[in-house]
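Here are my notes on this model, written to be read with the structure open. Please go through them point by point.

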Amino acid sequence: MSMYMQDILNYGDDVNDFESSPFESLRMLQDRSDIQKVFHQLSLEDQQLLAEYDALLFKNVHKMYRHIKKAYDFSLSNQPFSEWWWHLDKIVKGNLQIVLSSDTGGKVM
């Protein structure tokens with residue numbers, strides 16, 4: 001198992017968990033940012049698995065946005081658009097489009 005695999009697996013558990021508190025789901029966004037900081041160190045297997053979990057988050061974007069907005073005002077996010085998970089509101093409204101990719105972690109269009 002790679003050094004970051006457990007972090008990626010934890011993120012994967014969280015992207016489809018709507019039973020946890022919105023605050024825990026908000027922590028998931030920070031965990032995803034932490035993974036992005038070491039993206040260049042991830043193995044190909046890590047990157048592919050991360051892309052699968054990102055795709056799952058993207059698939060559930062409306063539901064996750066409604067869940068997290070109970071605890072977080074996305075409109076106040078000052079995170080870069082490259083960290084698209086902090087901008088679920090813009091994705092839901094169609095103001096931000098992304099292309100998911102296992103070699104970048106997602107590209108903003």
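Predicted model: local features only at pLDDT ≥ 70, side-chain atom pairs only at ≥ 80, totals over all residues.

1. Leaving aside neighbours within four places in sequence, which residues is Leu-57 in contact with? They are Tyr-11, Val-15, Met-28, Met-64, Trp-84 and Trp-85, where contact means heavy atoms within 4.5 Å. Leu-57 is found in helix 3 and counts as buried, at 0% relative accessibility. Buried here is under 20% relative accessible area, exposed is over 50% and partly exposed is in between, with a 1.4 Å probe and protein chains only.

2. Residues are numbered from 1 along each chain as its sequence is written, and side-chain values use heavy atoms, with hydrogens and water left out.

3. Now the overall layout. The chain has 5 helices and 2 strands, and from the N terminus on they run α-α-α-α-α-β-β. Helices (H or I, at least four residues) and strands (E, at least two) are DSSP runs, numbered from the N terminus.

4. On dimensions, the C-alpha trace spans about 35 × 30 × 20 Å along its principal axes. A compact globule of 109 residues would have a radius of gyration near 13 Å, and the chain agrees with that at 13 Å. That radius is taken over C-alpha atoms, and the globule rule is 2.2 Å times the number of residues to the power 0.38.

5. How much is tucked away? Of the 109 residues, 46% count as buried. The accessible surface comes to about 6,100 Å², and 51% of this belongs to carbon and sulfur atoms; the areas come from the Shrake-Rupley method with a 1.4 Å probe, and for residues only the protein chains shown count as cover. Looking at contacts with a separation of 6 or more, 63% are between residues 24 or more positions apart.

6. Have a look at helix 2 and helix 4 next. Two packed helices are described by the angle between their axes and the distance between the axes. Helix 2 (residues 22-37) and helix 4 (residues 61-68) pack at an angle of about 120°, with axes 8 Å apart. The two helices are therefore oblique to each other. Helix 2 brings Pro-22, Ser-25, Leu-26, Met-28 and Leu-29 to the contact, and helix 4 brings Met-64, His-67 and Ile-68. By type, those residues divide into 6 nonpolar, 2 polar and no charged.

7. The definitions behind that point: axes are lines fitted to C-alpha atoms, for helices over the stretch in contact, and angles run from 0 to 180 degrees between N-to-C directions. Angles under 35 degrees count as roughly parallel, over 145 as roughly antiparallel, 65 to 115 as roughly perpendicular and the rest as oblique. Ala, Val, Leu, Ile, Met, Phe, Trp, Tyr, Cys and Pro count as nonpolar, Asp, Glu, Lys and Arg as charged, and the others, Gly among them, as polar.

8. Asp-17 lies in the loop between helix 1 and helix 2 and is partly exposed, with a relative accessible area of 24%. Not counting residues up to four places away in sequence, Asp-17 touches Ser-25, Met-64 and His-67.

9. In helix 1 (residues 5-14), the buried residues are Met-5, Ile-8, Tyr-11, Gly-12 and Asp-14. Their cover includes helix 2, helix 3 (44-59) and helix 4.

10. Leu-42 is found in the loop between helix 2 and helix 3 and counts as buried, at 7% relative accessibility. Beyond its neighbours within four places in sequence, Leu-42 is in contact with Tyr-4, Ile-8, Ile-35, Gln-47 and Leu-50. Leu-42 and Tyr-4 are 38 residues apart in sequence and 7.1 Å apart in space, C-alpha to C-alpha.

11. His-87, in the loop between helix 4 and helix 5 (88-92), is buried, with a relative accessible area of 1%. Asp-89 lies in helix 5 and counts as buried at 5% relative accessibility. Outside the four places either side in sequence, Asp-89 is in contact with Tyr-65, Phe-74 and Ser-75, while the contacts of His-87 on that basis include Phe-74.
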